[in-house]
Amino acid sequence: MRTAEWSAAIGRLRRSFPWIDGLAGAAVEGAAGRADAAAGAADEAGDGLAGAADAKDEAGGGRPDEADFGDGLAGAADAEDGAGGERPDEADSGDGLAGAADAEDEAGDGRPDKADSGDGLAAALQLLEGLPLLTASALERHYYAEGNPLAAQPGLNVYRTSGTSSGRRKAIYYSPQDEADYLRVKLDVFRELLAGGEWRTAVSDMGTGHAEATAGEVFRELGLSVETLPFRLPIAEHVAALERLRPEVLYTMPSILDRILAAAARPAELGIRRVLLVGELASPGWRRAAAARLGLTELDIADTYGSIEIGTIASYSPEHGRYLLADGLLAEGVPAEALGDGLEPLPEGEAVLVLTSALREAFPALRYVTYDVVRDLRPIVAGGRLRQSFAGLVKRIGPDLKHGEKISLYDIEDAVSRRLPDARLRVEVRGNRLAIGIDSPSASDEEFELAGRDVEARIPAIGEMIRSGLLEDIAVRRVRLGDEAAEGPIKRKKIFYGEGETP
């Protein structure tokens, strides 16, 4: 994407969600001025993309007028569309959603041409300078709060996920254009991951959620016949269905694949030739082990990374040994301590991934903090163009984690505290299993077991997948916690990995 297109996207998001400006005060006005200047310059050059993106400020106060908010999703700041639609003309976008620099390799030497190299990416990132980081607490105050005007706007889809500190489940909205863009990006990623093979059949074994709901349509668009396995089926029936269908492609989550591998007598005879993953972290070692059980190579296990807030974020490229960012996204890496909340500094080379999306209308994807820690974030040349990439996902440091479906530390804390008011907790992720250490001197063994069941029931889909055997039980154990838990039931809302945090 060109700088003017990024300026248009930033302007649109600021107009649709004017409260973003209030998070940063004067710093936002400075950044907005840089964005408007870049957009104006591009417009004068005949680009035509920037004028519609500038936030109208009739009062002269440097902020968008309040009246611009209500209709903002439908294109209040969209790039001009000569055809009269709501999206930029295809000619203006080029492949448009194709990366921050769209670096063509006319010389054929695998390097982007000088004019198309990192300059475009740097200019796009500069537009974000001074804009606020969209943290979990900011979203809870303004987007997940009761009274979000999107709740009353017709024509939007809503997806509910893990809870907030107020106990309210998060509601994440998608406009019709959001849904179309979500499908298009996912289709492009799957097409790339399945390139070079002749695929006819697929099975989606995904539990619930947006990814599961759209998988069938994506596979059918790619010309595959697809079956979706209901998550309420017992795990033995999932294995039986795989034995009967013998799909060439399996789309699933690491936690579910673990259970399939454990339940199948001969996993290598299921006929699976390619696995597409999304969900929990899938380390290279885990992917190698899973591939061996299926009689495949590591190259046959394709990992993708996404979120309900953004959609598909990245996919792993064996050719480059890195995750490549999906089109329409701009990535930054920020230090953990920049987020507040007493987070500890990360090792050198690691950073918290922050994303801006040119493709989201009904979610404020402007410097959105994912709370996922990535290693070695940098652009590389892939497929003849410059693409942002990272070496690997390390861990999560925020309040949410994935166990089949998203569950937050707030959900866990509230469920346990209702039964054991004196409990202090340590939440751990061991492989693809969630474990909770509880320090409660007064609790009986029966109360410990019931507390675990309370957590499982907090997100109904998680409870149902556990009962069907699709997920492992949440492990609950008695522990003695010292000063590490002195700051509350869950110190700093922190997740521990294995016996300690993942290096």
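**The sheet and its surroundings**

A: In this predicted model, nine strands form an open sheet with mixed pairing, and their order is S4-S3-S5-S6-S7-S8-S9-S14-S13.

Q: Which are the edge strands?
A: They are strand S4, residues 225–228, and strand S13, residues 378–382, each of which pairs on one side only.

Q: And what does the twist average from one strand to the next?
A: The twist averages 30° from one strand to the next.

Q: In which sense do S5 and S6 pair?
A: Strand S5 (residues 249–252) and strand S6 (residues 274–277) pair in the parallel sense, over four bridges, and Leu-250 stands opposite Val-275 in S6.

Q: OK, helices now: which strands does H10 lie across?
A: Helix H10, residues 254–263, lies across S3, S5 and S6, and runs at about 120° to S5.

Q: What about H11, which strands does that one lie across?
A: Helix H11, residues 284–293, lies across S6, S7, S8 and S9, running at about 130° to S7.

Q: Switching topic, how many residues are in the largest nonpolar core?
A: That core has 118 residues, and Tyr-143, Phe-219 and Ile-412 are those with the most contacts inside it; helix H7 (residues 176–193) gives the most to this core, with seven residues.

Q: What does Phe-219 touch, not counting residues up to four places away in sequence?
A: Among the residues Phe-219 touches, on that count, are Phe-190, Leu-224, Val-249, Tyr-251 and Leu-276.

Q: Which residues does the second core include?
A: The second core, which is separate and has 13 residues, includes Leu-133, Val-334, Ala-336 and Tyr-371.

Key
Residues numbered from 1 in each chain as written. Predicted model: local features only at pLDDT ≥ 70, side-chain atom pairs only at ≥ 80, totals over all residues. Heavy atoms only, no water. Pairing = 2+ DSSP bridges. Helix = DSSP H or I, 4+ residues; strand = E, 2+ residues; numbered from the N terminus. Axes fitted to C-alpha atoms, helices over the stretch in contact; angles between N-to-C directions. Contact = heavy atoms within 4.5 Å. Core = buried A, V, L, I, M, F, W, Y, C linked by side-chain atoms within 4.5 Å. Buried < 20%, exposed > 50% of the residue type's maximum accessible area, 1.4 Å probe, protein only.
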